[in-house]
Amino acid sequence: MKTIVLSGFFMLNSIIACTQEKKDKPSAMKVIHTVPFLTRQNDFVYVDTASLKPVINQKFKSASVFTPTGYAVVENEKGEYAAIDETGKVVLDFSPSQISLNVVNGLTFYKKNIEYDKKMPVWKWEWNIMGSGIRKEQTYHKTEIGIIESRQILLSEDIPYLEDNYGLNFISVDENHIFWNGALYRIKKTT
C-alpha cells in the first residue's frame, strides 16, 4: 500500500525544485462512468452513464460529479456533508461542515468549513456607543484542509470570519511539488 505524504519547504527550495528533471509516473486520474441522477422523489442516486442503472444504492439530498481521482461530495437528508468514493464508501464522515474538493497532481485536496459564533472575552467585546448594544460573540470558521488519499491534515484552525483566507488554491510546480499558502510542498510516495 502506498502512502502519500506532503512535506513543507521554505521558499529557497522552490528554485531548486523548479529545475529538477521531470520523470514519467503513472497518473492517478481515472475515467469516471458514474454520474449523479435526480429521481422523481427529488433524491440523487449515482448511475452508470451508458445504461443509467444505479451503481450506488444510497440516495442523497444532493450529489456532485466525481473528481478525476474518483471522489464526490454528497449531502444526506439531515443536511450533513460527506465525501464518498466510486463504490459509495464514505471517505470523509458526515458532518455539518461543508466540503469542497480540488485535484492537483493526482491528489484530492479537501476543505471542510463550518461557520459558528464564538463567545469572546470581555476585552474583545464590540461596544456600540451610539446604540445600546454590546456584541459579546464573533463569527468564526472551523476550517480543515487535507488530502483524502493519505488522510493527512494540512490545516485545522478556528479562524475569525474576516481573517478566513484559506482556500484550495494549490498550484502544481511540477509532478513532485505543490505550492500552497506561501510554502512549497514535496510529494513523497512511500510504500
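Analyst: N181 sits in the loop between β16 (177-180) and β17 (183-190). Strands here are DSSP runs (E, at least two residues), and helices are runs of H or I with at least four residues, numbered from the N terminus.

User: Where do these numbers come from?

Analyst: This is a predicted model, where local features need pLDDT of at least 70, side-chain atom pairs count only at pLDDT 80 or more, and totals for chains, interfaces and linings use all residues. Residues are numbered from 1 along each chain as its sequence is written, and side-chain values use heavy atoms, with hydrogens and water left out.

User: How accessible is N181?

Analyst: N181 is partly exposed, at 47% relative accessibility. Buried means under 20% relative accessible area, exposed over 50%, and partly exposed in between (1.4 Å probe, protein chains only).

User: And N42, what about its phi?

Analyst: N42 has a positive phi of about 60°, and it is not a glycine. N42 lies in the loop between β2 (34-38) and β3 (44-48).

User: Is N42 buried or exposed?

Analyst: Exposed, with a relative accessible area of 57%.

User: Switching topic. How many helices and strands are in the protein chain?

Analyst: One helix and 17 strands.

User: How much of the chain is buried?

Analyst: Buried residues make up 36% of the 191 residues.

User: And contacts?

Analyst: Contact means heavy atoms within 4.5 Å. Among contacts between residues at least 6 apart in sequence, 44% join residues at least 24 apart.
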